[in-house]
Amino acid sequence: MGTALVFDEEMTRYKLLWFDPACVIETPERLTVSHEALVRTGLAARCVPTPVREASDDDILLVHSKEYLEAVKKTPYMTLDDLKEFTLNYGDVYFHPNIYHCAKLAVGAALQLVDAVMTGKVRNGMALVRPPGHHSMRSAASGFCVFNNVAIAAKYAQQKYAVQRVLIVDWDIHHGQGVQYAFEDDPSVLYFSWHRYEHQEFWPKLRDSDYDCVGKDKGAGFTINVPWNKIGMQNSDYLAVFCHVLLPVAYEFCPDLVLVCAGFDSAIGDPEGEMCATPDIFAHLTHLLMNLAGGKLCAVLEGGYNLTSLSQSVCLTVQSLLGDPPPRPTDLQGPCQSALESIQCVRSAHRKYWSCLQHAVQRPPSDVSTKLEAHGEARVSKADLVWPQPARHLPPALCTAAVIPEDLLCPLGCFRIPREQRDVAVSTWSSLAALVGRLQRNEIRNGLALVSDVSMAMAHVFGHTPKQRVLAVCVGDTEALPGLPEDGKTLTVHFSKEALDKPRCKYYIPVCLKKGLMQAACSLLLPLSYQYDPDLVLLTRVPGSHMDQSEWQQLVGLLQGLAGGHVLVLIQEGEKALVGPTASSLSGSPASSPGPLSAPGAEDIEALERLKYRLTTDWKLLQTSGEC
Ligand code: Q9C
Ligand code: ZN
């Protein structure tokens, strides 16, 4: 279904014309280097090129005041001294005779992207723009931003396409206060931002950026701020926030469109952010958002000032948008104490607004923050600022292989593993073995098999993967799981609605829930899976499950972020109806949305929190509170 790339060189044609140390990092090269990297890696050629346009006054007035627009309109005619003086009205921003033109193109680029996605011309896309937008407010420029590209895009989508709920994910390292203010009383736009905060010491130094600022009036609960109070946050910290805060709430919110304030100053090497998350984390963050809203995701560039880490991060984001499997995640040791504190505070501040957070542990009323050890400052030394160049791994040419009976039509986008035997039973086993072999040799990305006995098929797969780490995710009420090896070579997570055995060991995790399956998938299964880092994901489905088709498709989608995309799905014959929807998700089509009604009940969330708590000693990524 395609990925749009919106870019125009014109947006490189303005720059800082005087001495201002606060603004030197915002250069035209940010855009040229990012675009060149997309071209060099062949990613740009795989995208649907989409032209920019100039935003109209009406577009800009969706968010900004008439007075402010009129003031900016005069800047192309100002002298250098006038421009300098005009700049003094605002904080950490500069003007240039061509910036008004570029700012109109930046807004227009975001709107062109929304148009391409909403009309179905593409599934998703990215706009590479300058100036950025998320700091600019109704009547003020700020932080290199002139017009609020993403806020305008959200209003535009709601107005032109009757989009109801918009999720804005701001992963830039600064707080997008402009976006927050534009929607603080609006429950139809959920704004999520994480940002370097350092207890209000870091720019823009606003009280409004803290975790307890959750929105106003009807919009209370629809602003989510995650303050980072230490520098040096790593992949685990970012992933933990996605798993335990953003994703559960996002599934409960059920957006019709996802917009990303895609700033990459949150990546390692950035002089502003001073964080340590590597560029490949953005492949995962993107992947994790890609099945919300039926796949409708628009990423719009914000910050990012280390040209190397910026361009690598842009490439990894676009790579995921195009459907390539994310690279194997690196160094997921679990979040640091400071991150855990932030997570705990945010979850607790939002427990009254979101049922998925209802049972979040309340924050003890003490000033633990100063006592707790954080890996922050200590770990950001110059030596830590080298990171490996992301590997250019090409995904296998063949995406999805199927082992299904010959009377069943091969689902669209799949190819059938040919039969090798006459005997039907033997044929299934040998075809399954052939499929596993081709997955291991990276000749195919993923596969699916319809089998008469899932338990036997699992044993069969384990038999063919003696050296591999296999994550087995079992869905449905079955007692007859094969005797699972308990040597750490498999991790089994079993979802069922009937009570199951107690956990036998670190590597067998029974999850008994009636509803709230998406919450369990986000806050239990994902952290476990990421930390386990399997070579192969084995997802099995037996009849009598309580997981509906859209939840199942979401699960198939999320799990493809692991193991380089190597997911093998085994479906028991009684569940034949799932073959089509499964094949569709495996071959990269967006999953359908479970809908806001599948929000979890209190009982299930409580059970889930208990289970998570029991497992935290073994699995650090499950933690959601500091050591207090
Ligand atoms: N040491 C964006 O990332 N402060 N804006 C600069 C320099 C302003 C960042 C201080 C940072 C603005 C879109
Ligand atoms: Zn930024």
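**Close-up views of a predicted model**

**View 1. Q468 sits in the loop between α15 (454-464) and β12 (470-475).** Helices (H or I, at least four residues) and strands (E, at least two) are DSSP runs, numbered from the N terminus. This is a predicted model, where local features need pLDDT of at least 70, side-chain atom pairs count only at pLDDT 80 or more, and totals for chains, interfaces and linings use all residues. Residues are numbered from 1 along each chain as its sequence is written, chains are lettered from A and ligands numbered from 1 in the order in which they are written, and side-chain values use heavy atoms, with hydrogens and water left out. Q468 counts as buried, at 17% relative accessibility; buried means under 20% relative accessible area, exposed over 50%, and partly exposed in between (1.4 Å probe, protein chains only). Its side chain makes a polar contact of 2.9 Å with the side chain of Q440. A polar contact here is a pair of N or O atoms within 3.5 Å; within protein, one must be able to donate a hydrogen and the other to accept it, and residues adjacent in sequence count only if both atoms are side-chain atoms.

**View 2. Ligand 1 has 14 residues around it.** D92, G143, D265, E272 and Y305 are the closest, with a residue counted as near if one of its heavy atoms lies within 4 Å. A side-chain N or O atom of D92 comes to 2.7 Å from a nitrogen atom of ligand 1, and a polar side-chain atom of H135 is 3.3 Å from a nitrogen atom of the ligand. Over at Y305, a polar side-chain atom lies 2.6 Å from an oxygen atom of ligand 1. On its own ligand 1 exposes 410 Å², and the protein buries 84% of that (Shrake-Rupley areas with a 1.4 Å probe).

**View 3. D172, H174 and D265 hold the zinc ion (ligand 2).** Donors are N, O and S atoms within 2.8 Å of the metal (3.2 Å for Na, K and Ca); water is not among the atoms, so sites may look incomplete. Along the sequence, the donor residues follow the spacing D-x1-H-x90-D. D172 is buried at 1% relative accessibility, and H174 is buried too, at 4%.

**View 4. Cysteines, but zero disulfides in the whole structure.** A disulfide would need a pair of cysteine sulfur atoms within 2.5 Å. For C315, the closest cysteine sulfur is in C47, 10.0 Å away and so too far for a bond. C414 is in no disulfide either, with the sulfur of C410 nearest at 5.3 Å.
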